[in-house]
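Okay, thanks for coming, everyone. Let me put the structure up and then walk you through it.

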Amino acid sequence: MRRIEVAYQMTVLYNHPEDPAAFDAHYDNVHAPLAAKLPGLRGYTVIRPVARGDEKPPYHLIATLTFDDEAAAQAALASEEGQKAVADLANFAQAGATTLVGTVTTVV
């Protein structure tokens with residue numbers, strides 16, 4: 001029998017920075033630890049896409065944060081930790097980022 005799990009996810013698609021090494025150092029040493037402290041965070045994954053042949057990946061980094069529901073995600077962003085994480089974006093994500101949010105269903 002299959003079990004269906006429902007959660008709420010925020011996916012951040014970071015554009016390619018001018019200085020990838022500086023971006024990665026700040027993300028890994030400052031931003032990721034801030035995001036990991038978000039209250040109610042159920043899961044946090046980071047993907048660094050790789051090139052396929054000569055084709056550059058469309059994004060430099062993709063982060064996915066999972067919460068129980070939308071209310072939990074909103075509370076996390078409104079928290080002191082969430083405000084710090086959002087404010088930190090200006091310190092390293094000058095190339096911009098796209099954020100996608102929504103309900104995710106996983107069938108296991």
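I'll go through the sheet, then a helix on it, then the surface and the charged pairs. One thing before we start: this is a predicted model.

So, the sheet. How many strands does it have, and in what order? There are four, arranged β2-β3-β1-β4, the pairing is antiparallel, and the sheet is open. In general, strands in a sheet pair through backbone hydrogen bonds, parallel or antiparallel. Now look at the edges. Those positions go to β2, residues 41-47, and β4, residues 97-107. Each has a single partner strand, so one side of each has no neighbour in the sheet. From one strand to the next, the twist averages 20 degrees.

Let me zoom in on β1 and β4. Strand β1 covers residues 4-14, and eleven bridges join β1 to β4, the two running antiparallel.

Next, helix α1, residues 20-36. Which strands does α1 lie across? That would be β1, β2 and β3, with β3 being residues 61-67. Relative to β2, helix α1 runs at about 170 degrees.

I4, V6 and V107 make a nonpolar patch of about 270 Å². V107 belongs to strand β4. With a relative accessibility of 43%, V107 counts as partly exposed.

Now the charges. Side chains of opposite charge can pair when their charged atoms come close. How many salt bridges does a search of the whole structure find? Four. Let me take you through some of them.

Start with R48 and D24, where the closest N and O atoms are 3.6 Å apart. R48 is in the loop between β2 and β3, while D24 is in helix α1, so this pair ties together parts that are 24 residues apart in sequence. R48 counts as partly exposed, because its relative accessibility is 36%.

Then there's D68 with R42, and here the closest N and O atoms are 3.0 Å apart. This pair also links distant parts of the chain, since D68 is in the loop between β3 and α2 (70-78) and R42 is in strand β2, 26 residues away. Both ends are partly exposed: D68 has a relative accessible area of 48%, and R42 has 45%.

The next pair is E80 and K84, with the closest N and O atoms 3.4 Å apart. These two sit in helix α3, residues 80-88, and because they are four residues apart there, about one helical turn separates them. Is E80 buried or exposed? Exposed, with a relative accessible area of 55%. K84, at 46%, is partly exposed. And there's a network to point out as well: salt bridges with shared partners join D24, D28 and R48 into one.

Last stop, A71. You'll find A71 in helix α2. A71 is exposed, with a relative accessible area of 52%.

To recap: an open, antiparallel sheet of four strands, helix α1 lying across β1, β2 and β3, and four salt bridges in the whole structure. That's my tour, thanks.

How values were computed
Residues are numbered from 1 along each chain as its sequence is written. This is a predicted model: local features need pLDDT of at least 70, side-chain atom pairs count only at pLDDT 80 or more; totals for chains, interfaces and linings use all residues. Side-chain values use heavy atoms; hydrogens and water are left out. Two strands pair if DSSP finds at least two bridges between them. Axes are lines fitted to C-alpha atoms, for helices over the stretch in contact, and angles run from 0 to 180 degrees between N-to-C directions. Contact means heavy atoms within 4.5 Å. Patches are made of residues with over 30% relative accessible area and no salt bridge: like charges are joined within 9 Å, nonpolar side chains (Val, Leu, Ile, Met, Phe, Trp, Tyr) within 5 Å. Accessible areas come from the Shrake-Rupley method with a 1.4 Å probe; for residues, only the protein chains shown count as cover. A salt bridge is a side-chain nitrogen of Lys or Arg within 4 Å of a carboxyl oxygen of Asp or Glu. Buried means under 20% relative accessible area, exposed over 50%, partly exposed in between (1.4 Å probe, protein chains only).
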